[in-house]
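Here are some notes for a colleague who is about to look through this entry. Please read them with the coordinates open.

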Amino acid sequence: YQRRVHGTRIIPRYRFVAMLVSSTPLRGALRSLPQKLKPLLPTCAAAVFGSQVQPNTAVAVPGFVFHSVLSQQFVRMLGNLSQFLKEGEAHAKARGFKVEDLLTYRLAPDQFNLIRQVQIACDTAKFAAARLTQGEATAPTFSDTETTVEELQARIAATVAYLNKFSPQDFERSSSLSITTPRWNGKTMRGSDYLNAHILPNFYFHVTTAYAILRHSGVGLGKKSYLGNLPFEE
């Protein structure tokens, strides 16, 4: 059912249940319950929501959600990352030092430098789209040999061009795919979890770290630089 109270749309009960059981924290809590208590979950859910809810039910994430993140938001942020590098280049020129020196800076001795942050941000976006569409074999490959701003800009542009090839229909099955990576030693993750728990935080971590390296080095970046051009309504 669906109704409005004082003009506010009330979420239908079955949709609320679907949203609830699909949340990553709740799924984690359900998995950690003692085995003898798990058979009681459908009964408890029925008492609360008035319907039978299976504890391990997978709720599909529509393809347009994946597409919105990977082919729209990530493309925007990669464009912002490109602008960070342009600002860094201008800063080095104004201060009279080689921009290549800026590319080797890092926030801490045990962290990657600026070049590697850009490389990983591109790879995270690229592999996300490839794995979530089962197209890893046809994804572009990068040699990880960039040493100049021009080469990093080319890598960003190639990543953006690849992401722009996808449509929402390409991600229709992504939610239920079993995803793995060479670093996971055979462990797998469902497509929707892969996006929420790995891809999103990993991508923003490296974009943010690239921003922080440049900002810490005196480049005149601010929050508006990070957010970029916002899609205001006309």
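This is a predicted model: local features need pLDDT of at least 70, side-chain atom pairs count only at pLDDT 80 or more; totals for chains, interfaces and linings use all residues.

1. The protein contains nine helices and four strands, and their order from the N terminus on is β-β-α-α-α-α-α-α-α-β-β-α-α.

2. Of the 234 residues of the protein, 37% count as buried. Where contacts with a separation of 6 or more are considered, 68% of them are made by residues 24 or more positions apart.

3. The largest nonpolar core comprises 48 residues, and Leu70 and Leu78 are those with the most contacts inside it. Two or more residues of this core are given by each of α4, α5, α6, α7 and α8, and the largest share, eleven residues, comes from α4. In soluble globular proteins, nonpolar side chains tend to be buried together.

4. Leu78 deserves a separate look in the viewer. Leaving out residues up to four places away in sequence, Leu78 touches Cys122, Ala125, Ile156, Thr159, Val160, Leu163 and Phe203. Among these partners, Ile156, Thr159, Val160 and Leu163 are also listed as buried residues of α7.

5. Helix α7 covers residues 149–163, and its 15 residues reach 21 Å from the first C-alpha to the last, close to the 21 Å expected at 1.5 Å a residue. Which residues of α7 are buried? They are Val149, Leu152, Gln153, Arg155, Ile156, Thr159, Val160, Tyr162 and Leu163, so each of them falls under the cut-off of 20% relative accessible area. The cover over these buried residues includes α4 (63–95), α5 (99–103) and α6 (114–132).

6. The largest pocket holds about 480 Å³ of space. Seventeen residues line this pocket, and the closest to its centre are Ile120, Thr124, Phe127, Arg183 and Asn202. Both α6 and α8 (191–216) supply at least two residues of the lining, and α6 gives the most, with six residues. By class, the lining is made up of seven nonpolar, five polar and five charged residues.

7. Apart from residues up to four places away in sequence, Thr124 touches Ile199, Asn202 and Phe203. One of these partners, Asn202, is itself listed with Thr124 among the residues closest to the centre of the largest pocket.

8. Glu100 is found in helix α5 and is partly exposed, with a relative accessible area of 32%. Once its neighbours within four places in sequence are left aside, Glu100 is in contact with Thr147 and Thr148.

9. Ser176 sits in the loop between α7 and β3 (178–179), and Ser176 is exposed because its relative accessible area of 59% is over the cut-off of 50%. Ser176 and Ser192 are 16 residues apart along the chain, and their C-alpha atoms are separated by 7.1 Å.

10. Asp144, in the loop between α6 and α7, has a phi near 60°, a positive value in a residue other than glycine; at 36% relative accessibility, Asp144 counts as partly exposed. Asn185, in the loop between β3 and β4 (189–190), likewise has a positive phi, near 50°, and is a residue other than glycine. Why does Asn185 count as exposed? Its relative accessibility is 72%, which is over the cut-off of 50%.

Technical notes: Residues are numbered from 1 along each chain as its sequence is written. Side-chain values use heavy atoms; hydrogens and water are left out. The expected span of a helix is 1.5 Å times one less than its number of residues. Buried means under 20% relative accessible area, exposed over 50%, partly exposed in between (1.4 Å probe, protein chains only). Contact means heavy atoms within 4.5 Å. On a 1 Å grid over the protein atoms alone, a cavity is a set of points where a 1.4 Å probe fits but cannot get out, and a pocket is an open set with protein on both sides within 12 Å along at least five of seven lines; lining residues have an atom within 4 Å of a point. Grid points are joined across faces, edges and corners, and a volume is the space filled by probe spheres set on the points. Ala, Val, Leu, Ile, Met, Phe, Trp, Tyr, Cys and Pro count as nonpolar, Asp, Glu, Lys and Arg as charged, and the others, Gly among them, as polar. A nonpolar core is a set of buried Ala, Val, Leu, Ile, Met, Phe, Trp, Tyr and Cys residues joined through side-chain atoms within 4.5 Å.
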